[in-house]
Amino acid sequence: MTLTLDAPRIVETRPLLEVHGVSKSYGPVQAVRNVSAHAYPGEVLGIVGESGSGKSTLLRMMNLEEIPEAGSYTLDLPDVSGNLLELDRFARRMLCATKIGIVYQNPHLGLLMKHSSSGNVAERLLVAGERSFATLRAAATEALDASEFPLDRLDAPPIELSGGMQQRVQLAKAIALEPALLLLDEPTTGLDVSVQALVLDTLKRLQQDRQITMVIVSHDLGVIRTLADRVMVMRRGEVVETGLADQIFQDPQHPYTQQLVHAKL
Ligand SMILES: Nc1ncnc2c1ncn2[C@@H]1O[C@H](COP(=O)(O)OP(=O)(O)OP(=O)(O)O)[C@@H](O)[C@H]1O
């Protein structure tokens with residue numbers, strides 16, 4: 001009898017997001033130097049580092065708001081190909097509107113503070129071409145509900161809401177079109193600790209329910225530890241260490257990471 005074995009099936013997963021060798025300077029300040037990063041589908045990548053280490057600049061590059069002097073950026077999605085840094089402004093805007101969501105630390109950057117909360121979310125859907133008022137209202141309500149925003153405040157403008165609620169409106173706007181990539185820039189910084197915990201719970205639940213690929217930037221290791229699967233540590237515009245979250249927190253290798261982790265304990 002001859003026994004034939006099938007060759008093992010190798011399931012190859014490619015990163016959804018790949019940034020390679022990006023650099024960005026502001027005058028004499030080199031904010032990001034030759035940084036590479038990737039995130040697999042459904043993964044949460046945490047980027048941590050002290051203030052000024054280049055985290056937000058890198059995230060803004062991932063949102064195509066900031067174009068680096070060098071490097072490449074790809075998203076492995078249907079209908080999206082090539083180096084996104086070479087897209088013209090209009091194509092970049094459409095790509096961001098439909099495939100990428102972002103929540104900023106400062107809600108003024110993400111929201112029209114005097115428009116209704118549901119209107120802010122609906123605006124995102126309008127950019128994608130939706131015109132029916134009933135559909136806009138229903139989709140905005142659904143996204144706000146998923147972000148655990150109180151539905152009796154749909155018409156309240158963000159300026160009248162608490163910081164935690166403002167972040168939920170930003171989150172609803174970011175997920176309204178079911179983006180492939182959700183970028184979070186210090187989403188809970190400045191909130192009371194108890195509110196921060198609730199917003200983090202919402203983010204965690206959304207990630208688990210929808211398997212959205214996320215990149216979260218924070219100087220707060222507790223926030224990164226709560227959400228991230230993998231962690232990248234930045235210092236002075238460079239990546240000093242990257243690894244699985246458990247490894248980074250339990251067995252940091254780089255002296256700077258050791259310092260950050262021990263300062264937190
Ligand atoms: N638009 C800008 N114009 C000039 N300098 C900038 C600009 N954006 C960032 N920088 C500078 O680039 C460096 C990196 O800033 P960045 O905001 O990316 O760091 P960060 O790690 O996110 O810190 P923070 O949490 O304080 O924002 C800093 O020295 C900052 O002052």
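Predicted model: local features only at pLDDT ≥ 70, side-chain atom pairs only at ≥ 80, totals over all residues.
The end C-alpha atoms of residues 17-261 lie 27 Å apart.

Now take the chain as a whole. It holds 10 helices and nine strands. Its C-alpha trace spans about 60 × 60 × 40 Å along the principal axes. Of the 265 residues, 38% count as buried. The contacts tell of folding back, too. Take those in the chain with a separation of 6 or more: residues 24 or more positions apart account for 65% of them.

Next, look inside. In soluble globular proteins, nonpolar side chains tend to be buried together. Here the largest nonpolar core has 64 residues. Ala140, Ala172, Leu183, Val215 and Ile216 have the most contacts inside it. Which helix gives the most to this core? It is α6, with six residues. Val215 shows what such contacts look like. Leaving out residues up to four places away in sequence, Val215 touches Ala39, Leu45, Ile47, Leu59, Met62 and Leu183.

Helix α4 covers residues 117-127. Which of its residues are buried? They are Ser117, Ser118, Asn120, Val121, Ala122, Arg124 and Leu125. An α-helix has 3.6 residues a turn, so residues three or four places apart point the same way. After α4 comes Gly129, with a positive phi near 105°.

Finally, turn to the ligand. What surrounds it? The shell consists of Tyr26, Val29, Ala31, Gly49, Ser51, Gly52, Ser53, Gly54, Lys55, Ser56, Thr57 and His219. Two elements give two or more residues to this shell: β2 (29-39) and α1 (55-62). The biggest share comes from α1, with three residues.

How values were computed
Residues numbered from 1 in each chain as written. Helix = DSSP H or I, 4+ residues; strand = E, 2+ residues; numbered from the N terminus. Near = placed C-beta within 6 Å. Buried ≥ 20, exposed ≤ 12 C-beta atoms within 10 Å, placed from the backbone. Contact = placed C-beta atoms within 7 Å. Core = buried A, V, L, I, M, F, W, Y, C linked by C-beta atoms within 7 Å.
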